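Student: I am new to this structure, and I would like to learn how to read the surroundings of a ligand and the lining of a pocket. Could you take me through them step by step?

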Amino acid sequence: MTKPPLTLYLAAPRGFCAGVDRAIKIVEMALEKWGAPVYVRHEIVHNKFVVDGLRDKGAVFVEELEDCPDDRPVIFSAHGVAKSVPAEATRRNMIYVDATCPLVSKVHMEAQRHSDNGLQMIMIGHKGHPETVGTMGQLPDGEVLLVETVEDVATVSVRDPAKLAYVTQTTLSVDDTADIVAALNARFPAIAGPHKKDICYATTNRQEAVKAVAPKVDAMLVVGAPNSSNSRRLVEVGAKEGCAYAQLVQRSSEIDWRALDGIRSVGITAGASAPELLVNEVIDAFRDRYDVTVETVETAVENVEFKVPRVLRA
Ligand code: 0K2
Ligand code: SF4
């Protein structure tokens, strides 16, 4: 039986960023150095396939430090932690390795610096997301005000409109955040912002690539997990750019083939925490059903790399 023709447009860049690559390496190197079990506070990155693979090698994933014993090393996830977490690990004399992405740590330092300069902090982020919890936790409870939407800007109650600064989560929608920042600037003209945007290069590049692909295709698939903020933003960008069907899939088994009936072109990308192996699995699933032509749409070239902490390099 002849297969129908289909063009797959692969967005580039897609998939692993430098912070995810480093975080996974940290867990692997910690397992080599200290042996199993090594504890990891929160999913090291938001991807079940990655987490399951590390669990098989001896990593134990927990949500809180209190779920870890004192005498085994613990790793903090790429999303970052509140200051109270390493403080508590130190108090308990634990060995810990911080896998917080350096670009998240940069935002932590910014929040601290603005606060040291007497400015009240506003965080633009998603309530309850571990990165938002970690960044807000750089300052005492209640010090950082959370703003999630343009509507929130109208109601946020500040100490002194002349003494304000904002930081953001690194994985937000570039466009939605620009709207929120514009609303903050309009209501609080003196508000200070980051020198360089807090939304990271990887988030920005992956959204740009989706913008280039989405108008070309009948459907857009984003390989990523439901709890992955940056992956979900890619689905939203795809839909906003006019793609009639934009869907998150963790694995090829989640593809809804009936929804794709009659399509001639599909865009594929992957969130920063999704391994390329899963992208290949999705491509292979299309090859099983269609006569596939693959085209890459590249909007940026990335060459960012982060070193692992010194304790693991020795
Ligand atoms: O996008 P999220 O922040 O939910 O996190 P992941 O899907 O794990 O991607 C890695 C980014 C981690 C920190 O920015
Ligand atoms: Fe770091 Fe950006 Fe990757 Fe998050 S998405 S881990 S901030 S490089």
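Tutor: Let us begin with a definition: Ala, Val, Leu, Ile, Met, Phe, Trp, Tyr, Cys and Pro count as nonpolar, Asp, Glu, Lys and Arg as charged, and the others, Gly among them, as polar. Please keep in mind that this is a predicted model.

Student: How do the residues of the shell around ligand 2 divide into nonpolar, polar and charged?

Tutor: The shell around ligand 2 holds six nonpolar residues and two polar ones, with no charged residue. Its members are C17, G19, C101, L103, V104, T170, C200 and Y201, and ligand 2 itself sits in the largest cavity.

Student: Which residues lie nearest the centre of the largest pocket?

Tutor: The largest pocket, with about 220 Å³ of space, is lined by 17 residues, and C17, A18, D21, V304 and E305 are the ones nearest its centre. By class, this lining divides into eight nonpolar, one polar and eight charged residues.

Student: Which helix gives the largest share of that lining?

Tutor: That share, four residues, comes from α1, while α1 (18-34) and α8 (201-213) each supply at least two residues. In terms of domains, at least three lining residues come from each of domain 1 (5-16 + 201-298) and domain 2 (18-101).

Student: Is I24 buried or exposed?

Tutor: I24, which has its place in helix α1, is buried because its relative accessible area is 9%, and buried means under 20%.

How values were computed
Residues are numbered from 1 along each chain as its sequence is written. Chains are lettered from A and ligands numbered from 1 in the order in which they are written. This is a predicted model: local features need pLDDT of at least 70, side-chain atom pairs count only at pLDDT 80 or more; totals for chains, interfaces and linings use all residues. Side-chain values use heavy atoms; hydrogens and water are left out. A residue is near a molecule or strand if one of its heavy atoms lies within 4 Å of it. On a 1 Å grid over the protein atoms alone, a cavity is a set of points where a 1.4 Å probe fits but cannot get out, and a pocket is an open set with protein on both sides within 12 Å along at least five of seven lines; lining residues have an atom within 4 Å of a point. A molecule sits in a cavity or pocket if more than half of its atoms lie within 2 Å of its grid points. Grid points are joined across faces, edges and corners, and a volume is the space filled by probe spheres set on the points. Domain bounds come from an automatic or database domain assignment. Buried means under 20% relative accessible area, exposed over 50%, partly exposed in between (1.4 Å probe, protein chains only).
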